[in-house]
Amino acid sequence: MKTKRELTDILGFVAEYATYQLGSGVHTSRVVRNARRIGEALGVDVRLSSFQKSTILTVLDSETGEAETRVVAIPALPISFERNSDLSALSWDALDEALPLDEIRRRYRALVEKPRMDPIFTLLVVGLANASFCRLFGGDWTAVGIVFTATLVGFAVKQRMTAHGINHFLVFVASAFVASLCATAALRFDCTAEIALATSPLFLVPGVPLINGVIDIVEGHVLIGVSRLVNAMLLVVCIAVGLSATLLMVKDSLL
Amino acid sequence: MIVADILLDALFAAVAAIGFGAISDPPMRAFPRIAALAAVGHALRFGLMRYAEADIASASFVAAFAIGMGSLWLGRGIRCPMTVLYIPALLPMVPGIYAYKTVFSLIMFLQSLERADEGMRFMQQFFLNATVSLSVIGLLAAGATLPIFLFNRRAFSMTRRKRS
C-alpha cells in the first residue's frame, strides 16, 4: 500500500524517466514497456500514452485503488543510443533486484550524467563515414577526398549552429548547402563530381526518427509514428532545399 | 576478384556505419558489432545485386532482415536493444544517389516548364528516383523490424542481466 506522497514521488520519477527516453530517440513501445517495468518493481501499475510533444501518465495503486495522473512535456534532447541501452537495462535491474525508488533514482542520475561522445571525434568519424559512403556509390579517390573535406565543414556548421540553439530546420538547410557547396570543388577536377555532390549532404539523413516512425506505426502507435515520420520528412525536405540552392548555381556543369 | 570486391564493399560499409552511428551517441561497446552487421548486410546486398541480379529494393529487404536477425543475436551479449545496433548498420544502405537524382530532376523540371518534352523527361526521372528511394527506405525499416515481431520475447529482454 502506498501513501499519497509515495505515489506522487513514483509518478514524478516515472514521468521524468519516460519523457527523457522519448526525447532522446527511443521508440514508443520500448518506453511504455520500460516505464511499466519500473512501476512493477515499485508495486504500482503505470499506464501511459504519448504524443510527439507530451505524454499522459497514470500511476495506480491496485491495493487502495488510488490513482494519480499527470501530463508531461517531452524535452527536446539529442539522440542517444547509449542512454537508450542504459535506461532500458535500468528497468530490468530495478525489477530483478527489487530496487527501492531512491536507488533507482540515484542510478538514473548517474546514467543521464554520463559524458557524451567527444564532438571532435564525432566530426572525424562522420567525415570518414561519408567518404566511405562516396566510395560505396562508386566515387573515385579524388571524389572521396573532396567528400571527406566537405563533410567536415558541413558537419562543423551543424555542430556550431546546434550549440547556438538555432532552429533545427535552418541548421539542416545551412549544413546541406555548405556541404554540397564545398563538394562542387569536384567539378574543377576530372573525377566523379556528381557522386561527390550527391553524397556530401547525406550525413544529415535523419535515420533514427525515420526508422522509429516506421516501428511505432507497425506496433500500433500510429499517431506518434506518423508525427515522427512527418518530422523526419521535413528534415529531408530541408536537406533537399539546401542541396537545391547549390544545384541551381552549378546545374549547367552537371547536364 | 569477386571476393576482393565484396570484402572492399563490406569494409567501406563498416566505416560508414561507425561514423553515421557516432552521430547518435551509441555505447562504445556497440561499435564492433555495428561495424560487423553493416559489413555483412551491405556486402550481402552488393552480392545479391551484382551476382544474383536482384533489384535494389528486394536486395535491401533481404539485407535489412539479415541485419535485424544479427542484431537480435549480437545485442544480448552487450545488453543493447536491437535498434541501437541495427539503425546505424542500416544507414550505409540509404539510397543516396536516387535521393539526389530525385532532387536534381525536380529542379530541372521546374527550370524547363517552357519546354514541354524536356520537362516530361525530368518529371519521369523524378518519379522513377522518388519511387526507388521511398521503396528502399521503407523496405530497409520493415526488413530490420521483422525479427522483433518474430521473436518478441527475446527482443524485449535484450537488456536484462538475468537470463529468462
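In this predicted model, helix 3 of chain B crosses helix 6 of chain B in a right-handed sense. The two helices, residues 56-75 and residues 116-150 of chain B, pack at an angle of about 25 degrees, and their axes lie 7 Å apart. With angles under 35 degrees counted as roughly parallel, helix 3 of chain B is therefore roughly parallel to helix 6 of chain B.

It is worth looking at the residues that build this contact. Helix 3 of chain B contributes I56(B), A57(B), S60(B), F61(B), A64(B), F65(B), I67(B), G68(B), M69(B) and L72(B). From helix 6 of chain B come V132(B), S135(B), V136(B), L139(B), L140(B), G143(B), A144(B), T145(B), L146(B) and P147(B). By residue type, the contact between these helices holds 15 nonpolar and five polar residues, with no charged ones.

Buried positions along helix 3 of chain B are A59(B), S60(B), F61(B), A63(B), A64(B), F65(B), I67(B), G68(B), G70(B), S71(B), L74(B) and G75(B). The cover over these buried residues includes helix 2 (31-51) and helix 4 (82-90) of chain B, along with helix 6 of chain B.

Helix 4 and helix 6 of chain B turn up again where the two chains meet, for both are among the elements of chain B that give two or more residues to the side touching chain A. The others are helix 1 (2-23) and helix 5 (96-111) of chain B. Overall, 40 residues of chain B are in contact with 48 residues of chain A. Helix 1 of chain B supplies the largest share of chain B's side, with 10 residues. That side of chain B comprises 28 nonpolar, six polar and six charged residues.

Read from the N terminus, the order of elements in chain A is α-α-β-β-β-α-α-α-α-α-α-α-α. Along the principal axes, the C-alpha atoms of chain A fill a box of roughly 75 × 30 × 30 Å. Of the 255 residues in chain A, 48% are buried.

Note on methods
Residues numbered from 1 in each chain as written. Chains lettered and ligands numbered in written order. Predicted model: local features only at pLDDT ≥ 70, side-chain atom pairs only at ≥ 80, totals over all residues. Axes fitted to C-alpha atoms, helices over the stretch in contact; angles between N-to-C directions. Helix = DSSP H or I, 4+ residues; strand = E, 2+ residues; numbered from the N terminus. Parallel < 35°, antiparallel > 145°, perpendicular 65-115°, else oblique. Left-handed = near helix turned anticlockwise from the far one by under 90°. Contact = placed C-beta atoms within 7 Å. Nonpolar A, V, L, I, M, F, W, Y, C, P; charged D, E, K, R; others polar. Buried ≥ 20, exposed ≤ 12 C-beta atoms within 10 Å, placed from the backbone.
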